[in-house]
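This report describes a ligand and the protein residues around it.

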Amino acid sequence: MTALLKTTVLISGTGSNLQALIDACRTGRLETDIIHVISNVPDVKGLARAESAGLNTSVLQHGRFSDRSDFDRALSLLVGAGDPDLIVLAGFMRIIGPELLTPFSGRMINLHPSLLPLHRGTNTYQQALNAGDTQHGASIHFVTAELDGGPVISQVAIPVLPDDDRDSLAQRLAPMEHRLIVATVEFFSRHRVECSGASVFVDGKVLTSPLRLQPDGGFGWQAPAE
Ligand code: GRF
C-alpha cells in the first residue's frame, strides 16, 4: 500500500473546498491524510468544518505580526512542522512571500476562480463579466512568486449566461471548484503530477495545456503518443 499523501490546507473563510476534500477522504476517493488545517482568520466556518472532522487546526492571525515577512516565517514553521507532501491554498486570501514559498516550492498549489491566465487577483467574476467572456471557470496552479502566475495544472470551465451577475456566476462555479480540487489532489495522491521549472508534468510527460475537468469528475487525461 502506498503511503497517504500528507496534506496541509490553508484557508481564510468558508472552507467549502476543504469540505470537499474532507468528504473525498472519507469516501476513500482520496488517499490523502489532511494533517493540518491553518486559517489566518479566527472563527471562520472552515475551522469549524475541520474541527468537526477531527482534524488538527491552527489559527495564525496575520494582523498580529509586525510585517508580512514575519507572518510568512511563522506560517512556514507551522506548515513545515508536519512535513507535508502537499500544501493546498483553498480560499487562502494572502499573498505568499518568499519565506513561505521557498521551502515548499513545487509542493504548494492554489485554487483561483478564473481561467488563468485570464483575470488574476480578486473579483474575478466581475472581471470576466466586464470583459464580456462567454466562459468563466477555476484553475489550480503551482504557487510561485508571481501572483496567480504559476504553472497551471487543471481547470474547469462553465458558460457565462446572459443574466449572470457576479453572485450567480460564483454560485454556479462553486460546486465545480469542489470537483476540480478533489480531482487534482487525487492526481497528487497518486504521484502523477510534478512541477519542474515553469512546466507541469503528468505521468512524466510535460503538460501542454491544463488538465480539463470532465463531466465524470475526472480528467480523462492520456499521455500524448511518443
Ligand atoms: C473559492 O471560490 C476560491 O476559488 C477562492 O476562494 C473561494 C474559497 O471558498 N480562492 P471556500 O472557502 O473554499 O468556500
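By class, the shell around the ligand has three nonpolar, five polar and one charged residues. Here Ala, Val, Leu, Ile, Met, Phe, Trp, Tyr, Cys and Pro count as nonpolar, Asp, Glu, Lys and Arg as charged, and the others, Gly among them, as polar. This is a predicted model, in which local features need pLDDT of at least 70 and side-chain atom pairs count only at pLDDT 80 or more, while totals for chains, interfaces and linings use all residues. Residues are numbered from 1 along each chain as its sequence is written, and side-chain values use heavy atoms, with hydrogens and water left out.

The residues that surround the ligand are Thr-14, Gly-15, Ser-16, Asn-17, Gly-91, Leu-111, Pro-113, Tyr-125 and Glu-177; a residue is listed if one of its heavy atoms lies within 4 Å of the ligand.

| Residue and its polar atom | Ligand atom | Distance |
|---|---|---|
| Ser-16, side chain | oxygen | 2.5 Å |
| Leu-111, backbone | nitrogen | 3.4 Å |
| Glu-177, side chain | oxygen | 2.6 Å |

Of the 370 Å² of accessible area that the ligand has on its own, the protein covers 81% (Shrake-Rupley method, 1.4 Å probe).

The structure holds zero disulfides, a disulfide being a pair of cysteine sulfur atoms within 2.5 Å. Cys-25 has a relative accessible area of 21% and Cys-195 one of 25%.

Definitions and conventions: A polar contact is a pair of N or O atoms within 3.5 Å; within protein, one must be able to donate a hydrogen and the other to accept it, and residues adjacent in sequence count only if both atoms are side-chain atoms. Buried means under 20% relative accessible area, exposed over 50%, partly exposed in between (1.4 Å probe, protein chains only).
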